[in-house]
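Okay, everyone, thanks for coming. Let me put the structure up, and then we'll talk about salt bridges.

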Amino acid sequence: YHTTPINYLIRLRIQHACDLMRRTDRTITQIAYDVGFRDGNYFFRQFKKTTGQSARAFRQDAIRTERV
């Protein structure tokens, strides 16, 4: 990857958060803390920057996909 170490770490944390959003009922804020973010707002901004959608929209899509 052509990325900085911090951006790599953020991407790994976001990927782990996506997995937890699919598999658990924990709140998004709890998941943010679980994966290593200490500021919920920073998590939400980085999530949208990394995935192109909000964490809430991601979870709703994951739930909708799971039901199909």
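Let's start with a quick one: is D61 buried, partly exposed or exposed? D61 is partly exposed, and its relative accessible area comes out at 32%. Keep in mind that what you're looking at is a predicted model.

So who does D61 pair with? Its partner is R64, and the closest N and O atoms of that salt bridge sit 2.6 Å apart. Both residues belong to helix α4, which covers residues 55-67, and they're three residues apart, so about one helical turn separates them.

Now over to helix α1, residues 5-23, for another pair within a helix. Here R23 makes a salt bridge with D19, with 2.9 Å between the closest N and O atoms. The spacing is four residues this time, again about one helical turn. As for solvent, R23 is exposed, at 57% relative accessible area, while D19 is partly exposed, at 27%.

Then there's R26 and D34. That's a salt bridge too, and the closest N and O atoms are 2.6 Å apart. D34 is partly exposed, with a relative accessible area of 43%, and R26 is also partly exposed, at 35%.

Why would side chains like these pair up at all? In general, side chains of opposite charge can pair when their charged atoms come close. The cut-off used here is 4 Å from a Lys or Arg side-chain nitrogen to an Asp or Glu carboxyl oxygen, and by that rule the count is three salt bridges.

Okay, that's my bit. Over to you.

Terms used: Residues numbered from 1 in each chain as written. Predicted model: local features only at pLDDT ≥ 70, side-chain atom pairs only at ≥ 80, totals over all residues. Heavy atoms only, no water. Helix = DSSP H or I, 4+ residues; strand = E, 2+ residues; numbered from the N terminus. Buried < 20%, exposed > 50% of the residue type's maximum accessible area, 1.4 Å probe, protein only.
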